[in-house]
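Please look through the sequence and the 3D structure below before reading on. The report that follows takes up the cores and the strands in turn.

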Amino acid sequence: MKQIVIFSIVAFLLAMNVNAKVWRVNNRPNMDPDFTTLQAAIDGAASGDTLYIEPSPTSYGNGAFAKKLTVIGAGYWHAENDTTQFYREESEVAILTFNAGSKGSSVSGLYVYGGNFASQQNWKLIAINTDSITIQRNKIYGYAYDASTYSGFSIFINGNLSGIVIQQNWIESNIKDVSSTWSDGAVYGIYLTGVPSNTVLRNNLIRSYKSDTRGSYYSIYCTQNNPSAELFLTNNVFWVTITTYYSIHTNNILLDGTYNNGEGDQTQNNLCNATQYPISGQFHLNNQQNIAMNTVFVNSTKYIDNGYFLKEGSPAIGAGIYGGDCGVFSDDGGATPYVLSGIPAIPAIFDVAVKPMGVSTIPVSIKAKSNN
(Lines give C-alpha, C1' and ligand atoms only; values in the text may rest on other atoms or scores of the structure.)
Protein backbone atom coordinates (compact mmCIF):
# COMPACT_ATOMS: atom_id res chain seq x y z
CA MET A 1 0.00 0.00 0.00
CA LYS A 2 2.81 2.44 0.83
CA GLN A 3 4.19 2.06 -2.68
CA ILE A 4 0.92 2.99 -4.39
CA VAL A 5 0.40 5.96 -2.11
CA ILE A 6 3.91 7.19 -2.96
CA PHE A 7 3.14 6.93 -6.69
CA SER A 8 0.01 9.02 -6.13
CA ILE A 9 1.81 11.67 -4.08
CA VAL A 10 4.43 12.15 -6.79
CA ALA A 11 1.72 12.44 -9.42
CA PHE A 12 -0.17 15.06 -7.45
CA LEU A 13 2.94 17.11 -6.72
CA LEU A 14 3.71 17.25 -10.41
CA ALA A 15 0.21 18.44 -11.24
CA MET A 16 -0.14 21.14 -8.58
CA ASN A 17 0.48 23.96 -11.03
CA VAL A 18 -1.87 22.64 -13.68
CA ASN A 19 -5.32 24.19 -13.93
CA ALA A 20 -7.05 21.01 -15.10
CA LYS A 21 -8.06 18.49 -12.48
CA VAL A 22 -6.10 15.34 -11.69
CA TRP A 23 -7.94 12.11 -10.85
CA ARG A 24 -6.65 8.93 -9.17
CA VAL A 25 -7.76 5.59 -10.60
CA ASN A 26 -7.07 2.52 -8.45
CA ASN A 27 -8.95 -0.78 -8.20
CA ARG A 28 -7.12 -2.23 -5.20
CA PRO A 29 -9.04 -2.50 -1.90
CA ASN A 30 -8.89 0.27 0.69
CA MET A 31 -7.09 2.81 -1.51
CA ASP A 32 -9.78 5.54 -1.49
CA PRO A 33 -9.37 6.49 -5.20
CA ASP A 34 -11.55 8.80 -7.25
CA PHE A 35 -12.46 5.93 -9.63
CA THR A 36 -11.90 2.19 -9.83
CA THR A 37 -12.31 1.62 -13.59
CA LEU A 38 -10.93 3.42 -16.62
CA GLN A 39 -14.34 4.05 -18.18
CA ALA A 40 -15.77 5.51 -14.99
CA ALA A 41 -12.80 7.87 -14.81
CA ILE A 42 -13.27 8.93 -18.44
CA ASP A 43 -16.97 9.55 -17.88
CA GLY A 44 -16.39 11.47 -14.64
CA ALA A 45 -13.54 13.68 -15.81
CA ALA A 46 -13.84 16.93 -17.74
CA SER A 47 -12.09 17.72 -20.99
CA GLY A 48 -8.46 18.63 -20.31
CA ASP A 49 -8.21 16.59 -17.11
CA THR A 50 -5.51 14.03 -16.27
CA LEU A 51 -6.11 10.46 -15.13
CA TYR A 52 -3.40 8.65 -13.14
CA ILE A 53 -3.86 4.91 -13.55
CA GLU A 54 -2.10 3.44 -10.54
CA PRO A 55 -0.37 0.04 -10.64
CA SER A 56 -2.50 -3.00 -9.91
CA PRO A 57 -2.56 -6.75 -10.59
CA THR A 58 -6.07 -6.34 -12.05
CA SER A 59 -6.98 -4.74 -15.38
CA TYR A 60 -8.89 -1.46 -15.40
CA GLY A 61 -10.86 -2.59 -18.45
CA ASN A 62 -11.89 -0.79 -21.62
CA GLY A 63 -11.99 2.94 -22.22
CA ALA A 64 -13.92 4.85 -24.90
CA PHE A 65 -12.84 8.51 -25.17
CA ALA A 66 -15.08 11.33 -26.37
CA LYS A 67 -13.22 14.18 -24.65
CA LYS A 68 -9.62 15.36 -24.49
CA LEU A 69 -7.83 13.59 -21.65
CA THR A 70 -4.29 12.79 -20.57
CA VAL A 71 -3.86 9.26 -19.19
CA ILE A 72 -0.69 8.29 -17.34
CA GLY A 73 0.22 4.84 -16.03
CA ALA A 74 3.16 3.41 -14.11
CA GLY A 75 5.06 1.76 -16.98
CA TYR A 76 5.96 -1.90 -17.41
CA TRP A 77 8.77 -4.48 -17.09
CA HIS A 78 9.78 -3.07 -13.72
CA ALA A 79 11.36 -6.31 -12.56
CA GLU A 80 13.45 -6.57 -15.73
CA ASN A 81 14.87 -3.03 -15.60
CA ASP A 82 16.59 -1.24 -12.74
CA THR A 83 15.50 2.09 -11.25
CA THR A 84 12.01 2.11 -12.77
CA GLN A 85 9.13 1.99 -10.25
CA PHE A 86 9.45 0.63 -6.72
CA TYR A 87 6.05 -1.03 -7.06
CA ARG A 88 6.32 -3.81 -9.67
CA GLU A 89 2.73 -4.03 -10.90
CA GLU A 90 1.64 -2.44 -14.19
CA SER A 91 -1.26 -0.20 -15.10
CA GLU A 92 -3.13 -2.68 -17.27
CA VAL A 93 -6.05 -1.72 -19.48
CA ALA A 94 -7.90 -3.47 -22.29
CA ILE A 95 -9.43 -1.85 -25.39
CA LEU A 96 -8.96 1.91 -25.92
CA THR A 97 -11.12 3.76 -28.45
CA PHE A 98 -10.61 7.42 -29.39
CA ASN A 99 -13.77 8.86 -30.89
CA ALA A 100 -14.93 12.31 -32.01
CA GLY A 101 -14.34 14.85 -29.26
CA SER A 102 -11.14 13.22 -27.95
CA LYS A 103 -8.80 15.15 -30.26
CA GLY A 104 -5.59 16.07 -28.42
CA SER A 105 -5.72 13.13 -26.01
CA SER A 106 -2.61 11.18 -25.03
CA VAL A 107 -1.91 7.95 -23.16
CA SER A 108 1.42 6.83 -21.70
CA GLY A 109 2.82 4.29 -19.28
CA LEU A 110 0.03 1.74 -19.83
CA TYR A 111 0.04 -1.98 -20.48
CA VAL A 112 -2.65 -2.45 -23.13
CA TYR A 113 -3.47 -6.15 -23.36
CA GLY A 114 -6.20 -8.18 -25.00
CA GLY A 115 -7.49 -10.02 -28.00
CA ASN A 116 -9.85 -12.86 -28.69
CA PHE A 117 -9.36 -16.45 -27.70
CA ALA A 118 -11.04 -19.25 -29.68
CA SER A 119 -13.22 -16.66 -31.39
CA GLN A 120 -13.74 -15.37 -34.92
CA GLN A 121 -14.41 -11.75 -33.97
CA ASN A 122 -12.09 -8.91 -34.89
CA TRP A 123 -10.29 -6.99 -32.14
CA LYS A 124 -8.67 -3.56 -32.05
CA LEU A 125 -6.68 -2.88 -28.90
CA ILE A 126 -6.27 0.82 -29.69
CA ALA A 127 -8.74 2.21 -32.23
CA ILE A 128 -8.06 5.80 -33.33
CA ASN A 129 -11.02 7.49 -35.05
CA THR A 130 -10.06 11.15 -34.72
CA ASP A 131 -7.12 13.51 -35.31
CA SER A 132 -4.23 14.46 -33.02
CA ILE A 133 -3.94 11.44 -30.74
CA THR A 134 -0.63 10.56 -29.07
CA ILE A 135 0.22 7.01 -28.02
CA GLN A 136 3.58 6.93 -26.23
CA ARG A 137 5.63 4.82 -23.81
CA ASN A 138 3.16 1.95 -23.65
CA LYS A 139 3.43 -1.82 -23.92
CA ILE A 140 0.72 -2.98 -26.31
CA TYR A 141 0.19 -6.71 -26.74
CA GLY A 142 -2.55 -8.34 -28.80
CA TYR A 143 -2.84 -12.11 -28.71
CA ALA A 144 -5.05 -14.49 -30.66
CA TYR A 145 -5.35 -18.21 -30.04
CA ASP A 146 -6.91 -20.71 -32.45
CA ALA A 147 -8.99 -18.03 -34.14
CA SER A 148 -9.58 -17.86 -37.88
CA THR A 149 -11.12 -15.70 -40.62
CA TYR A 150 -10.65 -12.50 -38.68
CA SER A 151 -8.06 -9.78 -38.13
CA GLY A 152 -6.52 -8.47 -34.94
CA PHE A 153 -4.95 -5.01 -34.64
CA SER A 154 -2.74 -3.70 -31.86
CA ILE A 155 -3.20 -0.13 -33.19
CA PHE A 156 -5.93 0.61 -35.76
CA ILE A 157 -5.83 4.09 -37.37
CA ASN A 158 -9.18 4.58 -39.02
CA GLY A 159 -9.63 6.95 -41.95
CA ASN A 160 -7.84 10.00 -43.32
CA LEU A 161 -6.51 11.26 -40.02
CA SER A 162 -3.93 13.91 -39.20
CA GLY A 163 -1.50 14.48 -36.37
CA ILE A 164 -1.28 10.92 -35.06
CA VAL A 165 1.91 10.30 -33.05
CA ILE A 166 2.94 6.76 -32.11
CA GLN A 167 6.25 6.90 -30.26
CA GLN A 168 8.43 5.08 -27.71
CA ASN A 169 6.14 2.03 -27.50
CA TRP A 170 6.67 -1.72 -27.39
CA ILE A 171 3.99 -3.02 -29.80
CA GLU A 172 3.46 -6.75 -30.16
CA SER A 173 0.93 -8.91 -32.02
CA ASN A 174 0.90 -12.69 -31.78
CA ILE A 175 -1.28 -15.22 -33.57
CA LYS A 176 -1.44 -18.89 -32.68
CA ASP A 177 -3.66 -20.44 -35.32
CA VAL A 178 -3.84 -24.20 -35.11
CA SER A 179 -7.18 -24.90 -36.78
CA SER A 180 -7.48 -25.88 -40.45
CA THR A 181 -11.30 -25.60 -40.42
CA TRP A 182 -11.36 -21.97 -41.66
CA SER A 183 -9.06 -19.65 -43.52
CA ASP A 184 -6.17 -18.38 -41.43
CA GLY A 185 -6.43 -15.19 -39.42
CA ALA A 186 -4.00 -12.26 -39.38
CA VAL A 187 -2.60 -9.84 -36.82
CA TYR A 188 -1.14 -6.36 -37.30
CA GLY A 189 1.05 -4.08 -35.21
CA ILE A 190 -0.11 -0.78 -36.77
CA TYR A 191 -2.81 -0.75 -39.45
CA LEU A 192 -3.85 2.38 -41.39
CA THR A 193 -7.10 2.33 -43.37
CA GLY A 194 -6.93 5.83 -44.86
CA VAL A 195 -4.42 8.37 -46.15
CA PRO A 196 -2.40 9.65 -43.18
CA SER A 197 -1.44 13.30 -42.83
CA ASN A 198 1.38 14.53 -40.58
CA THR A 199 1.52 11.11 -38.92
CA VAL A 200 4.69 9.96 -37.16
CA LEU A 201 5.79 6.50 -36.05
CA ARG A 202 9.10 6.88 -34.22
CA ASN A 203 11.30 5.12 -31.68
CA ASN A 204 8.98 2.12 -31.38
CA LEU A 205 9.78 -1.58 -31.19
CA ILE A 206 7.12 -3.31 -33.31
CA ARG A 207 7.00 -7.09 -33.37
CA SER A 208 4.37 -9.30 -34.99
CA TYR A 209 4.71 -13.06 -35.15
CA LYS A 210 2.94 -16.42 -35.05
CA SER A 211 3.55 -18.98 -32.33
CA ASP A 212 2.22 -21.90 -34.35
CA THR A 213 2.19 -22.92 -38.02
CA ARG A 214 -0.79 -20.93 -39.29
CA GLY A 215 -1.88 -17.31 -39.66
CA SER A 216 -0.36 -14.10 -41.07
CA TYR A 217 1.36 -11.24 -39.27
CA TYR A 218 2.45 -7.70 -40.16
CA SER A 219 4.28 -4.92 -38.34
CA ILE A 220 3.02 -1.97 -40.43
CA TYR A 221 0.25 -2.15 -43.01
CA CYS A 222 -1.05 0.76 -45.07
CA THR A 223 -4.09 0.04 -47.24
CA GLN A 224 -3.97 3.19 -49.41
CA ASN A 225 -1.53 3.87 -52.24
CA ASN A 226 -1.92 7.64 -52.40
CA PRO A 227 0.70 10.35 -53.14
CA SER A 228 -0.97 12.67 -50.60
CA ALA A 229 0.20 10.50 -47.71
CA GLU A 230 2.39 12.04 -45.00
CA LEU A 231 3.70 9.13 -42.98
CA PHE A 232 7.11 9.28 -41.32
CA LEU A 233 8.77 6.15 -39.91
CA THR A 234 11.97 6.95 -38.05
CA ASN A 235 14.24 5.23 -35.53
CA ASN A 236 12.02 2.17 -35.16
CA VAL A 237 12.98 -1.47 -34.75
CA PHE A 238 10.77 -3.77 -36.83
CA TRP A 239 10.16 -7.48 -37.12
CA VAL A 240 8.47 -8.93 -40.24
CA THR A 241 6.33 -7.46 -43.00
CA ILE A 242 6.13 -3.72 -43.65
CA THR A 243 3.70 -2.43 -46.28
CA THR A 244 3.71 1.34 -46.92
CA TYR A 245 3.25 3.80 -49.80
CA TYR A 246 4.52 7.37 -50.23
CA SER A 247 6.15 7.18 -46.80
CA ILE A 248 9.55 8.28 -45.54
CA HIS A 249 11.70 5.67 -43.73
CA THR A 250 14.83 6.85 -41.90
CA ASN A 251 17.09 5.35 -39.21
CA ASN A 252 15.01 2.18 -38.87
CA ILE A 253 16.33 -1.33 -38.23
CA LEU A 254 14.50 -4.27 -39.81
CA LEU A 255 15.51 -7.48 -38.03
CA ASP A 256 13.74 -9.89 -40.38
CA GLY A 257 10.80 -10.31 -42.74
CA THR A 258 9.90 -8.26 -45.79
CA TYR A 259 9.44 -4.67 -46.90
CA ASN A 260 7.29 -4.08 -49.98
CA ASN A 261 9.37 -1.11 -51.26
CA GLY A 262 6.05 0.60 -51.88
CA GLU A 263 5.40 3.09 -54.63
CA GLY A 264 6.54 6.57 -53.66
CA ASP A 265 8.45 5.46 -50.56
CA GLN A 266 11.70 7.19 -49.69
CA THR A 267 14.20 5.25 -47.59
CA GLN A 268 17.45 6.54 -46.14
CA ASN A 269 19.97 5.35 -43.55
CA ASN A 270 18.11 2.17 -42.57
CA LEU A 271 19.59 -1.22 -41.66
CA CYS A 272 18.15 -4.62 -42.61
CA ASN A 273 19.15 -8.25 -42.11
CA ALA A 274 18.83 -9.10 -45.84
CA THR A 275 18.10 -6.89 -48.87
CA GLN A 276 14.74 -5.45 -47.85
CA TYR A 277 15.72 -1.77 -47.95
CA PRO A 278 17.07 -0.83 -51.43
CA ILE A 279 20.59 0.51 -51.84
CA SER A 280 20.21 2.10 -55.26
CA GLY A 281 17.96 4.73 -56.77
CA GLN A 282 17.32 8.40 -56.26
CA PHE A 283 15.01 7.87 -53.27
CA HIS A 284 16.95 5.11 -51.51
CA LEU A 285 20.18 6.34 -49.94
CA ASN A 286 22.72 4.99 -47.44
CA ASN A 287 20.75 1.90 -46.46
CA GLN A 288 22.77 -1.03 -45.10
CA GLN A 289 21.92 -4.55 -46.24
CA ASN A 290 22.76 -8.06 -45.01
CA ILE A 291 23.55 -6.93 -41.49
CA ALA A 292 23.92 -9.65 -38.86
CA MET A 293 21.63 -8.48 -36.10
CA ASN A 294 23.77 -10.05 -33.38
CA THR A 295 26.36 -7.41 -34.27
CA VAL A 296 23.81 -4.60 -33.88
CA PHE A 297 22.13 -5.19 -30.51
CA VAL A 298 23.12 -6.33 -27.07
CA ASN A 299 20.57 -9.16 -27.35
CA SER A 300 18.20 -9.17 -30.33
CA THR A 301 16.46 -12.41 -29.28
CA LYS A 302 15.54 -11.32 -25.77
CA TYR A 303 12.19 -9.67 -26.64
CA ILE A 304 12.51 -7.28 -23.72
CA ASP A 305 13.33 -3.64 -24.37
CA ASN A 306 16.70 -3.63 -22.62
CA GLY A 307 18.06 -6.05 -25.22
CA TYR A 308 17.98 -3.41 -27.97
CA PHE A 309 20.72 -1.09 -26.87
CA LEU A 310 23.40 -0.92 -29.53
CA LYS A 311 26.36 -3.20 -29.00
CA GLU A 312 29.86 -1.74 -28.93
CA GLY A 313 31.01 -1.45 -32.55
CA SER A 314 27.45 -1.80 -33.86
CA PRO A 315 27.00 -0.80 -37.53
CA ALA A 316 24.04 1.32 -36.38
CA ILE A 317 26.29 3.64 -34.38
CA GLY A 318 26.73 6.94 -36.22
CA ALA A 319 24.75 5.57 -39.18
CA GLY A 320 21.78 7.91 -38.82
CA ILE A 321 20.70 10.45 -41.38
CA TYR A 322 22.16 13.33 -39.30
CA GLY A 323 25.20 11.47 -38.02
CA GLY A 324 23.59 10.06 -34.88
CA ASP A 325 22.62 6.45 -34.30
CA CYS A 326 19.89 4.35 -35.84
CA GLY A 327 17.45 2.52 -33.57
CA VAL A 328 15.06 3.35 -30.79
CA PHE A 329 17.46 4.85 -28.23
CA SER A 330 18.66 7.55 -30.62
CA ASP A 331 17.68 11.22 -30.81
CA ASP A 332 19.13 11.66 -34.31
CA GLY A 333 17.29 14.36 -36.22
CA GLY A 334 14.97 15.25 -33.36
CA ALA A 335 13.83 11.70 -32.62
CA THR A 336 12.41 10.85 -29.20
CA PRO A 337 14.61 8.18 -27.55
CA TYR A 338 12.84 5.14 -26.18
CA VAL A 339 12.58 5.08 -22.39
CA LEU A 340 13.07 1.71 -20.68
CA SER A 341 9.87 0.27 -19.23
CA GLY A 342 7.81 3.13 -20.65
CA ILE A 343 8.25 5.16 -17.48
CA PRO A 344 6.11 8.28 -18.02
CA ALA A 345 7.57 11.77 -17.95
CA ILE A 346 6.96 12.32 -14.25
CA PRO A 347 9.26 11.78 -11.26
CA ALA A 348 9.40 8.11 -10.23
CA ILE A 349 10.34 6.56 -6.89
CA PHE A 350 12.33 3.40 -7.52
CA ASP A 351 13.53 2.52 -4.02
CA VAL A 352 12.09 2.96 -0.54
CA ALA A 353 13.61 1.86 2.77
CA VAL A 354 11.66 2.15 6.02
CA LYS A 355 13.65 1.38 9.18
CA PRO A 356 11.77 1.72 12.49
CA MET A 357 14.15 2.95 15.19
CA GLY A 358 11.83 4.07 17.95
CA VAL A 359 8.28 4.78 18.98
CA SER A 360 7.94 8.27 17.53
CA THR A 361 10.51 8.30 14.71
CA ILE A 362 10.50 6.13 11.57
CA PRO A 363 13.34 7.09 9.21
CA VAL A 364 12.37 6.72 5.55
CA SER A 365 14.89 6.67 2.68
CA ILE A 366 13.52 7.36 -0.80
CA LYS A 367 15.34 7.24 -4.15
CA ALA A 368 13.71 8.97 -7.09
CA LYS A 369 14.57 10.24 -10.56
CA SER A 370 13.00 12.32 -13.30
CA ASN A 371 11.92 10.73 -16.59
CA ASN A 372 11.73 13.37 -19.30
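What follows describes the nonpolar cores, the pairing of strands and the cysteines.

This is a predicted model, in which local features need pLDDT of at least 70 and side-chain atom pairs count only at pLDDT 80 or more, while totals for chains, interfaces and linings use all residues. Residues are numbered from 1 along each chain as its sequence is written, and side-chain values use heavy atoms, with hydrogens and water left out.

## The nonpolar cores

A nonpolar core is a set of buried Ala, Val, Leu, Ile, Met, Phe, Trp, Tyr and Cys residues joined through side-chain atoms within 4.5 Å, where buried means under 20% relative accessible area, exposed over 50%, and partly exposed in between (1.4 Å probe, protein chains only). The largest such core has 50 residues, and those with the most contacts inside it are L51, L96, I128, I135, I155 and I190. Strand β9 (residues 123-128) supplies the largest share of this core, namely 4 residues; strands (E, at least two residues) are DSSP runs, numbered from the N terminus. A second, separate core has 21 residues, including I253, F297, Y308 and A316.

Which residues does I135 touch, not counting residues up to four places away in sequence? With contact taken as heavy atoms within 4.5 Å, the residues that I135 touches include F98, V107, I126, I128, I140 and I155, and also V165, I166, Q167 and N169.

## Strands that run parallel

Two strands pair if DSSP finds at least two bridges between them.

| Strand | Partner strand | Bridges |
|---|---|---|
| β11 (residues 139-145) | β14 | 7 bridges |
| β14 | β17 (residues 205-210) | 6 bridges |
| β13 (residues 165-167) | β16 (residues 199-202) | 3 bridges |
| β16 | β19 (residues 231-234) | 4 bridges |

Strand β14 (residues 170-176) is mostly covered, since 6 of its 7 residues are buried. Within β14, E172 is the bridge partner of Y141, and I175 stands opposite K210 in β17.

## The cysteines

How many disulfides does the model contain? A disulfide is a pair of cysteine sulfur atoms within 2.5 Å, and by this rule the count comes to 0 disulfides. C272 counts as buried because its relative accessibility is 0%, and C326 counts as buried because its relative accessibility is 2%.
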